[in-house]
Amino acid sequence: MHGPATKLPFSRLGRNTRTPRAFFRAPSLPEPCARPLRLRLRKYFDSMSFFTDLGLAEPLLRALEAKGYNDPTPIQRQAIPALLKGRDLLGVAQTGTGKTAAFALPSLHRLAADPKPLQRAACRMLVLSPTRELAAQIADNMIAYGKYLKLHVECVFGGMPVGKQARRLAQGTDILVATPGRLLDLIDQRALTLRHVEIFVLDEADQMMDLGFIQPLTRVAAMLPKDRQSLFFSATMPQAIADLGRRFINDPVKVMVAPQATTAERVVQYVTYVNQSEKQALLTLSLRAGLADKSIDRSLVFTRTKHGADRVVRHLAAAGVNAAAIHGNKTQAQRTRALESFRQGAVPILVATDIAARGIDVSGVSHVFNYEIPNVPEQYVHRIGRTARAGADGIALSFVAPDERAYLRDIERLTGIKLVPQPLPQDFLKNAASLPAAKAVPAEDRDDRRGRPELHRRPQRGAGAKPGGNGPRRDDRPAGVDGEARPKRRFNPRGPKSVGQHAGKVRRVV
Ligand code: AMP
């Protein structure tokens, strides 16, 4: 055994470690003076780990150099050595921690080290992602990290023609990144088999659960070969997610980069108590002022519903604030365009629902606005994790209406952080009154499913029931209740002439 030196990171063992090892073993050093120095040295070597020390293949190191990455992030430092040995992994990691590279690099290494010819309609590595944007992002990262390797990467998700994807998969691929629904479509059409999967990655497991993907995941679990490596990532690890994990992983290495539900460090979090009807004005005025004095660089605004996101964009446009919306009712082309404009800075404000924004990696997001408070507290953690990425600082502002206070309490309980109250700006009412009204929605843009919250709600548990329960709030009631989109009429309308003509009978319209 190596005594204290074994506590050095894996990366330092066996390489350039002669000096510290010899030093730690030196019997001549008296304890009282050796300990502080020993601790300092250990700290120094812990912080000094490089990709070159992790045992990754040279083409991967070259690709990392091209990306300008020198040092692995903590999750990469912890996960890569274990994954290179073929272990399963359970990773609890906040967004922006570098977890994509943490699973991509060792997987690419292992696939390249054991080259095999492509199998028809099959893949060797399967990565499941809850959203299309995240799937595309993961595939892009895989291609970038593997650019000096001869590995084939495909990405499939809904909103694109399935036939085209099936044709692309016919020759087989090394790596497939997919959303669960489209993956099962392709399997059902016999365009894909999971029989040859060697590495399986389930990313953002908690969002998979929120989106109701539990059935598809159970089906996928049953189709995967027993002999495989499995990686399971989630930003939070409530019991239900841990139970889901048990179906996939076996004796995993556990990597926890931040404690469960720790709010992104470096995000300063404010709350403004405001009526629902005044939120739009508060948002417009805050964004307009922030963009004008350049304190806001790029900002994400979260709404609870798709319709709400569109409505916010219309109001912002009327007030001269350039914004785009991204949510599940937009076509894939619109979603890609909105994200790209935001990423490149052409549109500084992206208004998003939780589904579309999860996992999106855009650097330079200075502010996150919670226009509506999520009723699943973990979602708050994900939202604010969109800012303060890659070492930057960030600001999160939550607008809390009276009926959202219970949600806020849940969030503060989960994160252990009390949000800093921020009063309404000076002259708020006067300035709000001067804002222009939003333009009416063009008929062709109307959305019959508007008003429905996009996320599947978790069931209400016991006491602590929220105002209005888990159902949508007053301005978000399901179509037909709030006069915006009515359900199909079951009876013929009674015009003035027809009043009374049924004589008590009604005719059912089939
Ligand atoms: P992820 O958590 O995988 O979404 O990664 C967050 C961001 O960090 C992405 O922009 C990555 O490209 C970037 N990143 C990942 N690993 C490193 C690294 N070792 N050094 C610098 N940036 C990194």
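This is a predicted model: local features need pLDDT of at least 70, side-chain atom pairs count only at pLDDT 80 or more; totals for chains, interfaces and linings use all residues.
Let me begin in the middle of the structure, with the largest nonpolar core, which has 116 residues, and of these Val177 and Val351 touch the most other members. By a nonpolar core I mean a set of buried Ala, Val, Leu, Ile, Met, Phe, Trp, Tyr and Cys residues joined through C-beta atoms within 7 Å. A residue is buried if 20 or more other C-beta atoms lie within 10 Å of its own, exposed if 12 or fewer, and partly exposed in between, with the C-beta atoms placed from the backbone. Helix 6, residues 132-145, gives the most to this core, with 7 residues. Because domain 2 (58-256) and domain 3 (267-445) both give residues to the core, it lies between them; the domain bounds come from an automatic or database domain assignment.

Residues are numbered from 1 along each chain as its sequence is written.

Staying with Val177 for a moment, what does it touch? Leaving out residues up to four places away in sequence, Val177 touches Val127, Ser129, Ala135, Ile138, Ala139, Met142 and Cys155, where contact means that the C-beta atoms, placed from the backbone, lie within 7 Å.

As for the chain as a whole, there are 18 helices and 14 strands, which are DSSP runs numbered from the N terminus, helices being H or I of at least four residues and strands being E of at least two. Of the 510 residues in the chain, 42% are buried, and among contacts with a separation of 6 or more, 76% are between residues 24 or more positions apart.

In helix 3, residues 58-67, the buried residues are Leu60, Ala63 and Leu64, and because they fall within an arc of 100° when seen down the helix axis, they line one face of the helix; the arc is that of the directions from the helix axis to the C-beta atoms. In general, an α-helix has 3.6 residues a turn, so residues three or four places apart point the same way. The buried residues of helix 3 pack against helix 5 and helix 6, whereas the face turned away from them carries the exposed residues Glu58, Glu65 and Ala66. Just after helix 3, Gly68 takes a positive phi of about 85°.

In helix 8, residues 180-188, Pro180, Arg182, Leu183 and Leu186 are buried, and they fall within an arc of 165°, so they too line one face of their helix. Their packing partners are strand 2 (123-128), strand 3 (153-156), helix 7 (162-169), strand 4 (173-178) and helix 10 (214-223).

Finally, which residues are closest to the ligand? Of the 15 residues that surround the ligand, the closest are Tyr69, Gly98, Thr100, Ala101 and Asp361, a residue being near if its C-beta atom, placed from the backbone, lies within 6 Å. Helix 5, residues 99-113, gives the most to this shell, with 3 residues, and domain 2 and domain 3 each supply at least three. By class, the shell has 4 nonpolar, 7 polar and 4 charged residues, where Ala, Val, Leu, Ile, Met, Phe, Trp, Tyr, Cys and Pro count as nonpolar, Asp, Glu, Lys and Arg as charged, and the others, Gly among them, as polar.

Methods. Two residues are in contact if their C-beta atoms, placed from the backbone, lie within 7 Å.
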